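Please look over the structure below before reading on. The report that follows takes up strands, helices and charged pairs in turn.

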Amino acid sequence: MTVPEPTARITHIDKSEQLKQVQALIEQKGFIPKELVGNEVSWFYNNLGMDELYFKLETAESISQLILSLYSAKIAAFIKNESLLDINLVRETEHGAIFMQTSTPGTPSGKGYERTIDAKYFNVSNKTTAYRMESYRSSSAVSSSSFSTHLRSYFVRACNFPPAAADNEFSMKSISDPDFIDNCTDATLTSYERVIKQVLVRTGVVIECQDVPNSQEKRLIIGYKQGTTKSYFSALTDLYHFYGLYSTKKFVEQFSNGVTVMSIYLNRPQKNELPPLEHSIQQVIKEASLLYCLPTTPLQSHFQTGKLSVQEAIYGYTGWVFAQHFLNRLGNEYASLKSILDAKNNTHNEVLSKLKKRLRSDTFTSDYILEVIKQYPELIKLCYVGFAMDHYINPTQNALNPSLSYQRLQVTPVLSESELLDTIRKTVANNQEFMIFESYVTFNKHVLKTNFYQPTKIALSFRMNPKFLPELEYPQPLFGMFFVVGSEFRGFHLRFRDIARGGIRIVSSRNPEAYSINLRGMFDENYGLANTQQRKNKDIPEGGSKGTILLNPDQQGNPKFAFEKYVDAILDLVIPGSTPGIKDRIVDKYGKPEILFFGPDEGTADYMDWASQHARHRGASFWKAFTTGKSQSMGGIPHDTYGMTTRSVHQYVLGIYEMLKIDESSVTKFQTGGPDGDLGSNEIKISSDKTMAIVDGSGVLYDPVGIDRAELARLADSRKMVNHFDTSKLSKDGFRVLIDENNVKLPDGTVVHSGFKFRNEFHLNPLATADLFVPCGGRPESIDIGNVNTVFKADGTPRFKYIVEGANLFVTQEARLKLEAAGVVLFKDASANKGGVTSSSLEVLAALSFNDEEFSEHMTVKNGVVPEFYAAYVQSVQEFIEKAARLEFECLWREGERTGIPRSILSDTLSVGIVKLNEELQNTTLWNNEPLRRLVLAEAFPKLLLDKLGMDTLLKRVPEAYVKAIFGCYLASRFVYRYGTSPSQFAFFEFLAPYFAKIEQ
């Protein structure tokens, strides 16, 4: 069936003249009897109720083709003896599309045209290439005959923007398609401008509700930034259909400053059982923000069919995500087996490790969990009510009429925990299904606060009480846990102390298999990283924390959006809401203020400036200290620019050379993490060894006689990966294999079938043999008890003599112990890689010490001019890092020689000892001894800050809890580094004696 092609605009028309042209064209075609043509055309123009804008925008030719299409549909229905027309017309071109279908008020169409429009046009719209749309529903039936069918039409057109405008441009003409400017009213222009301004300064969706003159209809104007949500247009249709509403017309406008604005005209059928229009509209507005966070979920079909509300469906989805991470626990049988086996036996450890992985992956798959959840929507409803009763604020406190969602809560029974578990047990078919819904009960019980009911939000966040985590698997208890779910990702933030520091890491997945692996190990990786950070932070006042953001398989290209949503959602829970209707106060079962400190990690180094400024915009009092690793113009001390992490790692390398009297130039080295990264590039710059192999994100670079150092330095200076290496600089036995290369023949004749696999496993390849191995990048657990045997030669000797673990968790503890038992000198991540976090801590201390004016003067680099204080402070930070690393190295070396205990164990013992003593010292009378306190702080505070501000000013400005932590960690670390892991009972008295002697003088 022929459908008219989208056409150019017609701003001014004579409608009666156009009607005559249409009639003449149809008569000319000859498909409709001439005596009937006038009636069909007149009905289309005067009785169908098509919007006037339609006739402005379409040509006589396209309208005539549409009338012919409708007539042919009527003939088809008559032949089939049907009273309803089934009209489904589609026409797509490179410039846009037309979709038409039959429409019943409040009933979703089964054709899915709106999802197609979302996927093909709106989801891909951006500042340069975008699509606008008009959609109309006929107010009358499509024929004067017995057919009662109404028509829904969609006209999609590519935007024709004027020359590019700035992001904050408010001249509507300069950012709009000319069709919009020519055809909209002054009132619409003013409304859109107001919404766009709010979108540009706020996160999330902006919604306005307006009365339509001379009509009972309501008009919703909805604005948001392009690319921040997907399939939102069709999801909104599902939402208002759920509440019995229908739209008479809808418009989607795109603007060249990156904003999308929708305008939807809503009404309700005349049915007594439906609630008043105003109540339904308010509920749509309330839930549109929730839908913006997660416009589509696997439970969408239950929402579309009315089995679940949007709140229940999204709660159900959130519970599904939660269950994926916390259902696959190891259980009592694993605990019993672990207690029987010998923890010092490598074979036993290997069995346990393999069993743990098997139990984690085989018991509950994501698909199985979802399949079970879909079977029992009534259980999702019951679980949701328990969640809502804890966190939904009764709207009757603020309004005369309760919301529809609150009214629904009154209908569904509220069960106690035991009653709910009993109902679940009676409803499901087996114990596994029971465990899945039991996880919802666990989730409800441990949510302390959430932004689920916040009027505006861009991702869902939950502050969890982490006590549900089994001690068997997580022996070190967490202090705090945040769980975040967005349309592009899921994320966690874990911390071991109230005041804690650590980076935020984005986890990408190259393919579905990689995503499945990353998903399975995400929480354990986050816990392990935070735990390593806790041990690493022994020299600074903050405890350890870490955040991870796992991108969804189809969102690998949107890391910045995911990061921004993650940060904003967490800020929802740590900044009290104070703007009714935008950021309300939420139910807070935790009841205490929280401050979080975020730092850069894999994939987030470029986002720290934004996070700090966003926290400032949100009104966070701690915005200056919220993120570290910021640009120098914002007072940051970039780790990569000044090699902060490398300065700690390299002190261990230099320490080994010194203790064993080795000439660095004679040492061969293997390195993971390439010249494009922070640690990798600075390791190249700071060392003078003979580097034989480097593995990075682009591939493997290898030369047995040593990679050309000048060429390596060039890449490190320009922060480029090894795919930019000049291969003419390689020896005849050297090679480079990139991840996208296949069937590559190496100089020794070996054929590499997959460059990607070769890169991932090269650290286990016999070619990766050297005196020194420094992992500066790579995935956690790259060497574990299952593959550590490949790090040994055929004669049983290790392929590396020395390992200094710069990358976090690169080697598992069991594998470390096996390597050390074979004679490898190994220093683990928690000891070696602490330079970055130490730099971040001292950066924050400066931010807390200076007021805004002083901070701007002394700590911000403007127009490339580095303040004298800043340069000196950076140097003092570098010296502090090197000194702390050297102190710990000497202690570990000394204790290892003295006790024979593996340094991997001694490192943990040392860290735990310092952390425990730190906490004890903060709660002793030593803190109350003011002369001692000031004497210790005079050593602990950076001398530059003391000279610039003085002790009294520092004590006044820096929070007391923070100062206490500085006092405790300084004494604890210096004592343990000096006296070791098992000091005598008189050692601490001896340690403090010089301080008391100074006080008495």
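How many of the 9 residues of strand β14 (residues 543-551) are buried? In this model, 9 of the 9 residues of β14 are buried, so the strand is largely enclosed by the rest of the structure, where buried means under 20% relative accessible area, exposed over 50% and partly exposed in between, with a 1.4 Å probe and protein chains only. The model is predicted, so that local features need pLDDT of at least 70 and side-chain atom pairs count only at pLDDT 80 or more, while totals for chains, interfaces and linings use all residues. Residues are numbered from 1 along each chain as its sequence is written, and side-chain values use heavy atoms, with hydrogens and water left out.

**Strands**

Helices (H or I, at least four residues) and strands (E, at least two) are DSSP runs, numbered from the N terminus. From β14, the residues Gly-543, Ser-545, Gly-547, Ile-549 and Leu-551 point one way, whereas Gly-544, Lys-546, Thr-548 and Leu-550 point the other way. Strand β14 is joined to β12 by 7 bridges, the two running antiparallel, and His-493 has Gly-547 in β14 as its bridge partner. With strand β13 (residues 500-507), β14 pairs in the parallel sense over 6 bridges, and here Ala-500 has Gly-543 in β14 as its bridge partner. Two strands count as paired if DSSP finds at least two bridges between them.

Elsewhere, 8 strands form an open sheet in the order β1-β2-β4-β3-β7-β8-β6-β5, with antiparallel pairing. Its edge strands, β1 (88-93) and β5 (206-211), each pair on one side only, and the twist averages 15° from one strand to the next. Within this sheet, strand β2 (residues 96-103) and strand β4 (residues 150-158) run antiparallel and are joined by 8 bridges, with Ser-103 standing opposite His-150 in β4.

**Helices**

Helix α10 (residues 277-293) has 17 residues and reaches 25 Å from its first C-alpha to its last, close to the 24 Å expected at 1.5 Å a residue, the expected span being 1.5 Å times one less than the number of residues. Of the 17 residues of α10, 13 are buried. Helix α31 has 15 residues, which should span 21 Å at 1.5 Å a residue, and its end C-alpha atoms are 21 Å apart, which agrees. Because 14 of the 15 residues of α31 are buried, this helix is largely enclosed by the rest of the structure.

**Salt bridges**

A salt bridge is a side-chain nitrogen of Lys or Arg within 4 Å of a carboxyl oxygen of Asp or Glu, and by this rule the count comes to 57. Three of these pairs are set out below.

| Pair | N to O distance | Separation in sequence |
| Glu-888 and Lys-834 | 2.5 Å | 54 residues |

Glu-888 lies in helix α33 (residues 868-899) and Lys-834 in the loop between α30 and α31 (835-849), so the pair ties together parts that are 54 residues apart in sequence. Glu-888 is buried, with a relative accessible area of 0%, and Lys-834 is buried as well, at 2%. Salt bridges that share partners also join Arg-505, Glu-525, Lys-546, Asp-601, Glu-602 and Arg-779 into one network.

Definitions and conventions: Axes fitted to C-alpha atoms, helices over the stretch in contact; angles between N-to-C directions.
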